[in-house]
Amino acid sequence: MGTFEKGQWLRVTDNAGAPRFYSVGEVCQVESIDGTVRCVGKSGGMYPYRFEAWQPKVGDRVRLVKDGRSTTGAVGKTATISSWTGGVLVDTDEYLLDIDPPVDYKTAAVTENFTRATIDCFEPLPAPAIAAPAPLTITAGGYYKTRDGRKVGPIVVAQGPDDPWPWKLADGTRYYRNDGFSCPGWADGHRDEDDLVAVSGPPWTTEPAVIKAKYVGDQPASNDNAAPAKFKVGDRVITKSGYTFDGSPGTIVEANVNGDADLYHVKIENHPHAGDNEWSVRTDYIDFVTARAPAIVALIENGKPKPAFEPKVHASEAEATVEAERLAGVYRGQRFGIFVLSDTREADIPIYGHEWQNFAARGEKIRAIKELRAITGMGLKPAKDAVEYFLAAA
């Protein structure tokens with residue numbers, strides 16, 4: 001990270017995935033150093049951002065503070081750093097600047113909008129200042145809008161007014177500073193999109209979170225006034241994006257926690273940090289697990305499927321689709337279809353008085369022929385004809 005000085009130009013190398021005040025590659029100038037680096041026009045300090053001392057690059061936008069070798073009277077003009085022949089950035093300590101029009105200065109250059117200039121002749125153009133967000137007042141019981149447009153709440157007191165993180169969501173999945181800056185728990189780090197930016201409902205509202213449920217089987221008729229989907233103990237669910245255990249399956253072990261119809265205890269599975277605990281989750285962070293129906297892949301010829309004699313049964317349509325795409329890439333010009341098991345039917349096999357008939361009914365045709373020959377002394381062809389006649393008449 002290095003040691004920086006007031007007035008020094010810096011380039012952002014890492015914004016920790018949170019471009020709240022700085023973007024990677026952005027150039028800015030140090031305004032003050034008071035434990036953190038602050039840049040001109042920026043309200044955010046250095047943490048968790050990382051900088052390096054600015055070094056010109058091709059494409060950087062700059063402003064002339066002294067005339068270059070080829071110009072007179074161009075101070076204050078803006079320009080773009082270009083490259084010399086062969087992509088060279090610096091030639092005899094000089095950069096090539098492409099000055100913005102109009103050409104209202106004296107120039108000795110062959111191409112009048114270009115000039116040679118050493119690094120002391122220009123300074124970078126800082127990025128436009130990002131306005132600080134309007135002050136946000138957080139009140140217990142309120143619902144709020146996040147930076148990515150979600151509505152969250154209600155907010156409750158977490159640690160008290162003297163703590164740096166005095167607020168949290170009622171389910172404990174997010175903690176907040178007074179300015180809305182968020183932290184999911186204490187170990188998972190900050191995500192810019194989770195910050196609170198505006199009030200989304202008066203305090204002490206009791207609006208339930210409405211989720212779109214994925215139903216297995218027939219879809220219910222659409223009804224905009226229908227009550228929000230609810231879960232019951234034993235329901236298989238999956239956590240949604242934005243929750244600590246994104247995409248992890250689980251089972252509802254308690255509903256209506258503490259009398260809150262929107263809060264559940266979920267036993268999280270297949271997550272290294274979930275342990276054996278039950279986690280409090282609201283309906284907007286869980287969804288029903290969609291049933292996975294088995295599927296097969298079959299070659300399509302003349303519009304008709306031709307499955308293999310014993311096709312591989314895939315656990316889901318998605319897995320069968322991957323295999324179909326693989327086969328299509330290997331056998332160019334041929335088509336492959338995905339067939340999902342939607343239902344099954346089974347009838348009891350009748351019990352016959354002779355064992356050869358039972359063999360035939362179960363599909364064991366060769367055993368049926370052998371059994372019939374053994375008890376009758378029939379030849380192969382007459383026994384085969386008799387079994388086939390029996391099957392046709394069954």
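The legends below describe close-up views of a predicted model. Residues are numbered from 1 along each chain as its sequence is written, and side-chain values use heavy atoms, with hydrogens and water left out. Because the model is predicted, local features need pLDDT of at least 70 and side-chain atom pairs count only at pLDDT 80 or more, while totals for chains, interfaces and linings use all residues.

**View 1. Confidence along the chain.** The chain has a mean pLDDT (the predictor's confidence in each residue, from 0 to 100) of 76. Of its residues, 77% reach 70 or more. Over residues 203-229 the pLDDT is below 50. Beyond near neighbours in sequence, this stretch has 36 contacts (heavy atoms within 4.5 Å) in the model.

**View 2. Helices α3 and α4 cross.** Helices (H or I, at least four residues) and strands (E, at least two) are DSSP runs, numbered from the N terminus. The axes of α3 (residues 365-376) and α4 (residues 380-393) come within 9 Å and cross at roughly 120 degrees. Axes are lines fitted to C-alpha atoms, for helices over the stretch in contact, and angles run from 0 to 180 degrees between N-to-C directions. The two helices are therefore oblique to each other; angles under 35 degrees count as roughly parallel, over 145 as roughly antiparallel, 65 to 115 as roughly perpendicular and the rest as oblique. From α3, the contact is made by Lys365, Ala368, Ile369, Leu372 and Arg373. The residues of α4 in this contact include Leu380, Ala383 and Val387.

**View 3. An open sheet of four strands.** The order is β14-β15-β16-β17, with antiparallel pairing; two strands pair if DSSP finds at least two bridges between them. At the edges stand β14 (155-157) and β17 (182-183), each with a single partner strand, so one side of each is left without a neighbour in the sheet. Three bridges join β14 to β15 (residues 167-169). Val156 has Lys168 of β15 as its bridge partner.

**View 4. An open sheet of five strands.** Antiparallel pairing gives the order β22-β21-β20-β19-β23. The edge strands are β22 (278-282) and β23 (286-288), each with a single partner strand. From one strand to the next, the twist averages 50 degrees. Strands β19 (residues 236-239) and β20 (residues 249-254) run antiparallel and are joined by three bridges. Gly250 in β20 is the bridge partner of Val237.

**View 5. Backbone geometry in two loops.** Most residues other than glycine have a negative phi, and most peptide bonds are trans. Asp93, in the loop between β7 (78-82) and β8, is not a glycine but has a positive phi of about 65 degrees. The peptide bond from Pro101 to Pro102 is cis, with omega near 5 degrees. Pro102 lies in the loop between β8 (95-99) and β9 (106-107).
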